[in-house]
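Could you walk me through this protein, pointing out a few spots inside it and a few on its surface?

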Amino acid sequence: MIAKVIVDVPSRQTDRPFDYNVPARLEGWVEIGSRVGVPFGGRVVQGFVIGLAPFTDVDVSKLKPISELLDHSPPLSPDLIELATWISGKYCCALTTALQSMIPAALKGKAETYVSLAEEEGKETSDLLPIEYDWLDYIRRNGGTVKLSTLQERYPTEAVAVKGAISDGLLIERVSIRDRLAVRKVLTVFPPEDQEAAQAALEGLPSRAAKQREVLRYMLAHGEPIALQRLVEEAQTTSSTVRALADKGLIVLREIEHNRDPYAGRSFMQTTAMSLTAEQQAVYGEISSAVDAGDSRVFLLHGVTGSGKTEVYLQSIQHCLQHERQAIVLVPEIALTPQMVERFKGRFGDAVAVLHSRLSNGERYDEWRKIRERRAQVAVGARSAIFAPFQRIGLIIIDEEHESSYKQEESPKYHARDVAVRRARQHGAVVVLGSATPSLESYAAASRSGTAIERASAEKAAAPAAASGGGVTESSGAVGSGRPPALLPMPHRVGGRPLPEVQLVDMREELKNGNRSMFSRQLHEALAVRLERGEQSVLLLNRRGHSTFVMCRSCGYTALCPHCDISLTFHQKSRALRCHYCGHAELAPTQCPSCESEHIRFFGTGTQRVEEELSKLFPGIRVIRMDVDTTTEKGSHEKWLTMFGDRQADVLLGTQMVAKGLDFPYVTLVGVIAADTSLHLPDFRAAEKTFQLLTQVAGRAGRHELPGEVIIQTYNPEHAAIIAAQHHDFAAFVSAELKHRQVMSYPPYCRLILITLSHEALPLLLTTGEQLAAKLRQGVADSGITSSDNSDGRFIDILGPVASPIPRMKDRYRFQCMLKYRGNIDATGILQAAIRAISDRNGVPPVGISVDVDPQVIL
Ligand SMILES: Nc1ncnc2c1ncn2[C@@H]1O[C@H](COP(=O)(O)OP(=O)(O)OP(=O)(O)O)[C@@H](O)[C@H]1O
Ligand SMILES: [Zn+2]
Ligand SMILES: [Zn+2]
């Protein structure tokens with residue numbers, strides 16, 4: 001049998017399957033999706049089997065055999081391999097990069113060299129060993145095989161002798177792939193099976209074995225298996241005492257597999273389905289009947305904050321599970337709070353596996369195995385949970401679908417929303433995109449088709465062919481292709497609660513009136529009222545595009561990263577300046593390096609400064625601050641939110657992470673310190689992001705009995721996005737913004753591909769950039785499209801090369817080209833061909849090239 005293997009060497013030259021022989025001993029074990037170790041270019045590398053065939057065109061005698069099989073059952077299934085192939089084509093990345101992103105990091109094996117004694121393998125060599133080396137003895141004592149690296153560490157001066165033994169054939173060298181982390185095994189003590197016999201043995205133990213008696217007595221009383229380590233602690237004994245008992249056969253000592261459960265020992269309050277409101281019921285009806293029909297429909301659930309979307313998710317999942325199908329719920333990393341996890345665990349208990357980046361590699365691996373071994377039916381997680389290894393998916397939910405964190409910023413640069421639609425199609429599963437502020441892409445695509453409920457009555461009056469009339473690009477991601485998503489609206493909050501009143505405060509007026517504080521009089525007043533009433537407030541510091549940088553007030557000097565040409569960020573705790581692109585750190589200056597003035601200050605409002613000011617204004621105020629600095633520690637997120645939920649604080653102050661998903665009954669005030677910081681970023685989505693953030697954070701107020709109030713401080717009170725957020729007017733925002741996008745020709749009216757070129761040498765970068773742009777123009781001309789040709793609705797523009805917004809990073813200069821196109825155009829094909837054309841014979845381009853299809857962050 002011949003196996004087609006994708007080797008884990010991500011480069012353009014190796015991005016194709018290589019043929020290997022399946023050795024007889026692995027016949028039947030190696031399957032499609034198996035992870036194997038194969039010889040490649042003189043080493044052993046990890047690879048995935050993506051195909052098996054009885055024949056090959058290649059000369060079979062020249063094929064090398066697979067050297068090892070790494071898992072007894074394949075970690076990837078054929079549907080995931082197909083999905084990876086699609087991802088590598090759509091997002092221009094190596095297939096191995098896509099495959100690797102689907103399995104837990106713990107399964108990324110590393111090649112390890114072992115040496116074995118030839119004599120142990122029955123080879124006649126003993127007469128060739130003239131000296132009895134220490135290291136030889138060490139190998140013998142360790143069963144005849146040890147890691148070469150261990151030998152190097154223990155016997156650093158013996159390199160010559162060891163090398164000699166290898167070349168003489170006394171030691172056999174073998175390379176093997178080892179996982180960084182495997183199943184965790186715990187040495188466990190089992191109580192005696194025959195209680196009576198053990199009792200008798202207990203009497204019979206000599207008195208000098210008092211310690212053993214004690215342990216045996218403990219085990220008899222305990223009656224259950226217990227981890228050795230715990231037994232030693234609890235019975236205040238030693239492991240040698242326990243082993244002595246095991247040697248006598250009185251107890252059994254055995255390794256058992258241990259699952260790291262990140263939520264072990266936590267109890268979740270069991271919840272049951274609530275009776276749905278009429279709005280929820282209508283939406284639930286649509287989703288559940290689509291699940292029953294098993295056709296891969298996409299729904300856009302547009303429900304205002306507090307409309308009860310989560311309850312709809314829960315009941316739809318319930319329905320899906322009843323039909324023996326599994327469900328995936330994607331939540332933005334930042335919103336994957338304990339509160340969210342609790343709601344799913346509370347309803348589905350142990351059937352829920354949770355996957356997020358704050359888990360250790362081991363925990364993630366165990367949660368992943370829980371899914372694969374069918375012990376879990378629901379996966380709740382961040383972006384990559386879309387690859388959860390379920391067999392029969394019935395429902396995929398993407399909560400807060402507008403979040404840009406669904407796009408992965410490193411290769412593979414996939415968008416989880418588009419991958420979800422694709423995966424759902426494979427499984428005949430339904431996709432629900434939920435948000436109070438849908439992305440313009442999804443919303444525009446959905447409004448082409450009207451609401452699902454309208455459509456049901458109108459009976460397919462609007463043929464999908466009419467869709468292009470709106471001018472929204474057909475192929476903008478999977479959401480835009482195929483059948484457009486159907487809109488499911490939930491315009492009201494549960495229980496008829498009103499959306500909170502939103503007040504805008506013009507900070508320019510405040511300044512004119514002599515208020516130089518970061519709190520307006522209105523916000524100050526409102527906070528005072530909350531303190532008096534014992535209610536809680538959430539304060540948002542919009543930090544996007546806003547950093548605490550250092551500037552000299554005398555000469556205007558700012559501290560820049562020496563490698564990246566970007567301002568360094570000031571960190572109060574360590575008093576260090578740090579670059580958040582490359583990690584460069586230096587001590588903050590107390591004197592300006594340029595003019596020696598002492599007036600060198602930290603600019604920008606950090607959460608710490610807001611906290612200080614709050615304490616000044618309201619002595620004794622209890623503030624919980626949540627930002628990157630206070631939430632890096634594991635479990636800190638959880639700790640802060642629990643404290644806030646227990647009303648141990650008056651104010652929850654934080655960055656974006658306080659804006660989403662939180663549901664606290666005593667929060668009656670939401671304040672936004674400065675709405676504008678994200679408004680003026682050089683990014684065409686700046687207004688959209690600002691609107692979304694303001695709407696989301698406003699939605700945290702007044703979600704229960706107590707009515708809520710929102711105060712937004714701004715320097716741009718007349719900006720359309722801010723006014724729309726004030727009035728909870730999604731429709732107004734969308735129609736204004738879509739018009740703007742159409743005029744400017746931005747998504748969703750076109751698609752973008754961002755190509756970033758980087759190199760240390762500026763001249764080479766410049767010429768390569770020009771060459772690439774020329775090849776691109778050539779490719780466009782050859783395929784018969786011109787940028788001016790708009791007759792068939794198709795166009796393509798090649799912008800650049802220009803310096804990137806961050807012109808240098810990690811000592812490499814950066815230039816970019818942008819492809820802007822619309823209609824049925826194979827832009828990635830044109831791009832790939834252009835890259836090939838400027839590459840050398842081996843397919844290696846002269847400078848670094850990174851491709852971002854449908855980029856979310858233009859910066
Ligand atoms: N049918 C129902 N009957 C009573 N209460 C409900 C019902 N559905 C939801 N709720 C409650 O209403 C509140 C808001 O619901 P939920 O958090 O699901 O809203 P959401 O739409 O997900 O909000 P957001 O987008 O703002 O996070 C919650 O406290 C929830 O328990
Ligand atoms: Zn840097
Ligand atoms: Zn200066």
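Predicted model: local features only at pLDDT ≥ 70, side-chain atom pairs only at ≥ 80, totals over all residues.

Let's begin with strand 28, which covers residues 667-672. Six of its six residues are buried, so the strand is largely enclosed by the rest of the structure. Strand 28 has a partner in strand 20 (residues 536-540), and the two pair in the parallel sense over five bridges. If you want to find this pairing on screen, look for Ser537, whose bridge partner in strand 28 is Leu669.

Strand 28 also pairs with strand 29, made of residues 709-714. This pairing is again parallel, here over four bridges. A handy landmark is Gly671, which has Ile711 as its bridge partner in strand 29.

Now for the surface. Met1, Ile32 and Leu52 make a nonpolar patch of about 230 Å². Ile32 sits in the loop between strand 2 (18-21) and strand 3 (35-40). Its relative accessible area is 33%, so Ile32 counts as partly exposed: the cut-offs are under 20% for buried and over 50% for exposed.

Last stop: helix 5, residues 159-167, where you'll find Lys163. Is Lys163 buried or exposed? With a relative accessibility of 61%, Lys163 counts as exposed, because the cut-off for that label is over 50%.

Technical notes: Residues numbered from 1 in each chain as written. Chains lettered and ligands numbered in written order. Heavy atoms only, no water. Buried < 20%, exposed > 50% of the residue type's maximum accessible area, 1.4 Å probe, protein only. Pairing = 2+ DSSP bridges. Patch = residues over 30% accessible without salt bridge, like charges linked within 9 Å, V, L, I, M, F, W, Y side chains within 5 Å. Areas by Shrake-Rupley, 256 points an atom, 1.4 Å probe, with all protein chains shown as cover. Salt bridge = Lys/Arg side-chain N within 4 Å of Asp/Glu carboxyl O.
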